[in-house]
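Dear colleague,

Please find below the structure I wish to hand over to you.

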Amino acid sequence: MVLQPAPLRVLDLTDELARQGARLLVGLGADLVRIDPDASLDEPARLHWHAGKTWVRADADGLDELARNADVILESGPVAQLRGIRADGSSRWPDAVHVVVTPFGLTGPRRDWTGDDLVLASAGGMTWLGGRRGGQPKPPPREQACQLAGAHAAMAALLGVLAGDRAGTGQLIEVSAQEAVAASLETAAISWVHAGRFPSRTGGVYEHVAHRIFAAADGYVAGGYSGSERMWTDLLAWLAEEGEAADLVDGRFSDQVVRWSERAHVDEVIARFVAKRTAREIAEQGRARSLPWAEVTAPARLVDNPQLRDRRFFVSVDGVEDAGFPWDAPGLPRPVGLRALTEKPQAEARSTPRPRGRGTSRSSNVGGGALAGVRVLDLTWVLAGPYATKILAEHGAEVIKVESKHRHDPTRFSPSMRLRPGAGPDESGYFLNYNRGKRSVALNLRTEEGQRILRELASRCDVVVENFSPGVLAKWGLDHESLRELNPRAILVSMSGVGHTGPWRKAVTFADTLAAMSGLSSETRDPGEAPQGLVFGLGDIVAANAAVLGALDLLTRGHGGHVDLSQLEAMAATMGPAVLDHGDVDPRTAEHPNRSKHAVPHGVYPAAGDDRWVAISVRSDDQWQVLRNLAGLPDRGGVDQRRAFEDEIDTALAEWTRHHDAAELAASLQAAGVAAAVVATGRDLVETDEHLRARDFYQSLDHPLVGPVLHEGIVARLSATPGALSSPAPLLGQDTAAVLTELLDIDEDTLAALAAAGVTE
């Protein structure tokens, strides 16, 4: 029987910027205490964000006592409103793991800027990617910018705990919400780095993979035909069986370059096929054929999903059903029942201060990042898995990536994903960004010897991360039970689409199908119109963050285990209170898709220049008076009164903003106390954002073939154990000999024999 350490004690000083981080820690079994009931939230939101917590009334002395007794202090908000940051930028509680999330970071020219989800999604580049062609840009629904910042805060907290286990000390850790977004755009910024162009909003049609939302007879489905060649051949076979393949059976369409160049025609044939069938029929047939197709499901229908039901995803909060947590954590095993936020006397919140350092770290290395001394075997490909292992590498873990020319990672081998014109497999811009800091071992896992070597490598690693279909590892003798026999302390992180159990466990998923199943795609529709979906891999990145959190959780506990992560569950866990508030009034319109029930005005407005925009959010009456005076707007009273005149206000405000440079206008509004930001493109982020440049967010690594190239930087900035971009992405198999010699003591003759037999290629 594995002894569980005492739950982490967390002092929760979060606002909207990091509520998700606090909730994720609840999902790991942490004990969270607030000092206020967050009275600004309505009842569904309070149930969702604060279930499983307590709160106490505390003055300044009481706050300091709570901080002394906490393992982690999680704080968020504008810099000027932080309780725990001194004027010099240091922590009021220097002995604690103190994680601070601010809109733009604790340093840099915009450290004092404010922003809600719309402003931060815009400043970070995410708003630019959403919306219809020719229409207003808009961010993903359900405050995904803030949720990304919160997820990085939760990861940062556990990184701080692990570092403290080694050193017995705390540290200040900062997370910039803008940078959390800018690190989550898939290709939006790195396309500019590698090709001098950036993707734009397309109404939901992916630019670099052939996936989108299609209209079915009674609803909508997400799907496509990128990835492995089987995704195309099996879809074509399905169309042919039904007599609806048209000219796609022509041999020339077997060439993916031809399919890509004639994508509009291919999509048209598929659209006709889908339109004749129900969304459920397409989704069921897609699962049966192991093809990535899914019904676009409304959040209110999540509770009817048989896969989520079978895996006991939902939580009960005082008998009310809500969306659950990304994975079945040992500190809070399923089924989960929680109490709503409960007040208790401060005397009951007092406890003996816990000595710094929990004594569970595996690292024997005092220097380096928080994960120095941790070895990770990376068996993943495409985006979700490589993104997760990238984060582990950034914080000091040795990451060994196993790959092969016999199993083509599309980010290396697919021309549409290389981003760099004329690039080969070792020069792919996509691969470079998400695989920096790793070592590459080439192993042909179609051979028995390749599988044997893989088992040997796994036995010498602390963490194994994989995103194969369920059952693949078992064939190689590397499922959790087998791995535990090889290495009892090993942590296996499985990142399948919907989990290793349940009726849909064999479903093939892409980011768009996960967003469709989770309820997110449904909420991308403008009122009265079709859902648009997303055009970047948000679902992959959300799942990656959850996978990292799961691995860190087990590392802090000091024992092995299996993180059976369902990417669907990770995405559904970011839907906020959608399961609870599906009857809520939606203030948005098709013409004004960015309106909010919390602020008026709240939207994206045209600025001077071609397709330039500025995001503005006015929550308080004081901010309204400032904006009204600057823009010459009529006085329409408080927020409730302004809502009645929102069309008039938006029209007048747009007429004013269109004559101003977006960056200059955002700066002048922020200086006057109004939250605003440029709706940033990839070019803006990489080239013209002075704040990101001052904070050295984009960092250059010298690649042996490409030369110096910028990479997206590290989000969680640890003061005592900072992470680093240590090396560029590896060439395919460049570290094979070194790793097999170092870890398995294989000599040169054996290496030569393995190469001759095609095992190490």
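Leaving aside neighbours within four places in sequence, with which residues is Leu-552 in contact? They are Met-155, Leu-158, Leu-159, Leu-162, Leu-371 and Leu-392, where contact means heavy atoms within 4.5 Å.

Please note that this is a predicted model, in which local features need pLDDT of at least 70 and side-chain atom pairs count only at pLDDT 80 or more, while totals for chains, interfaces and linings use all residues. Residues are numbered from 1 along each chain as its sequence is written, and side-chain values use heavy atoms, with hydrogens and water left out.

Leu-552 is also one of the residues with the most contacts inside the largest nonpolar core, together with Leu-25 and Ile-616; this core has 150 residues. A nonpolar core is a set of buried Ala, Val, Leu, Ile, Met, Phe, Trp, Tyr and Cys residues joined through side-chain atoms within 4.5 Å; buried means under 20% relative accessible area (1.4 Å probe, protein chains only). Helix α5 (residues 144–167) contributes the most to this core, with 15 residues. Helices are DSSP runs (H or I, at least four residues), numbered from the N terminus.

Helix α14 (residues 384–394) packs against helix α21 (residues 538–557) at an angle of about 45°, the axes being 8 Å apart. Axes are lines fitted to C-alpha atoms over the stretch in contact, and angles run from 0 to 180 degrees between N-to-C directions. Among the residues making this contact are Leu-392 of α14 and Leu-552 of α21.

Yours sincerely

Methods
Buried means under 20% relative accessible area, exposed over 50%, partly exposed in between (1.4 Å probe, protein chains only). Helices (H or I, at least four residues) and strands (E, at least two) are DSSP runs, numbered from the N terminus.
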